[in-house]
Amino acid sequence: MIAASIYQMMRGLIVFVAAIFSIIFLGSRFHRHHWTALTFVVGGVAIVGASPLIYPDDNEEGDEGGPSPIFGIILVIVAQLFAGGLIISEEKFLGNYYLHPLKVVGWEGFWGCSIYLILLTIFQFIPCSD
């Protein structure tokens, strides 16, 4: 629905989302330079997000009744809200414990591989149409 480059650039919104959620749920306090940086981040993401609306691609499906770039942008923003919620919930629940960073990364990789190994084995046997 949007170009991959726009998607990658709009993922930078996670900085703003995590900052706002940090203020709301963790009670963090930001200084002037933090707010200045967040303003630049939001401004940059807004420019990148507006680019497919200002300069539409003539070859895209959006003009013929297909998915519009606006819907793609909304999906990216919603995804960043969920990702920001994940970051802040991890900070809230695990902030009181000391966990060695390499151990955390190792366990995350172990469980990720284990879950995907099980899911991919199950999905392999689901019949699909041509």
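Predicted model: local features only at pLDDT ≥ 70, side-chain atom pairs only at ≥ 80, totals over all residues.
Local features were considered only at pLDDT of at least 70 and side-chain atom pairs only at pLDDT 80 or more, whereas totals for chains, interfaces and linings use all residues. Residues are numbered from 1 along each chain as its sequence is written, and side-chain values use heavy atoms, without hydrogens and water.

Helix H2 (residues 14-26) packs against H3 at an angle of about 140°, and their axes lie 9 Å apart (helices are DSSP runs of H or I with at least four residues, numbered from the N terminus; axes are lines fitted to C-alpha atoms over the stretch in contact, with angles from 0 to 180 degrees between N-to-C directions). H2 and H3 are therefore oblique to each other (angles under 35 degrees count as roughly parallel, over 145 as roughly antiparallel, 65 to 115 as roughly perpendicular and the rest as oblique). Val15, Phe16, Ala19, Ile20 and Ile23 of H2 make the contact with Trp35, Leu38, Val41 and Val42 of H3 (heavy atoms within 4.5 Å). This contact of H2 with H3 comprises nine nonpolar, no polar and no charged residues (Ala, Val, Leu, Ile, Met, Phe, Trp, Tyr, Cys and Pro are nonpolar; Asp, Glu, Lys and Arg are charged; the others, Gly among them, are polar).

The axes of helix H3 (residues 32-54) and H4 come within 9 Å and cross at roughly 165°; H3 and H4 are therefore roughly antiparallel. Gly49, Pro52 and Leu53 in H3 meet Pro69, Ile70 and Ile73 in H4, a contact of five nonpolar, one polar and no charged residues.

Notes:
Helix = DSSP H or I, 4+ residues; strand = E, 2+ residues; numbered from the N terminus.
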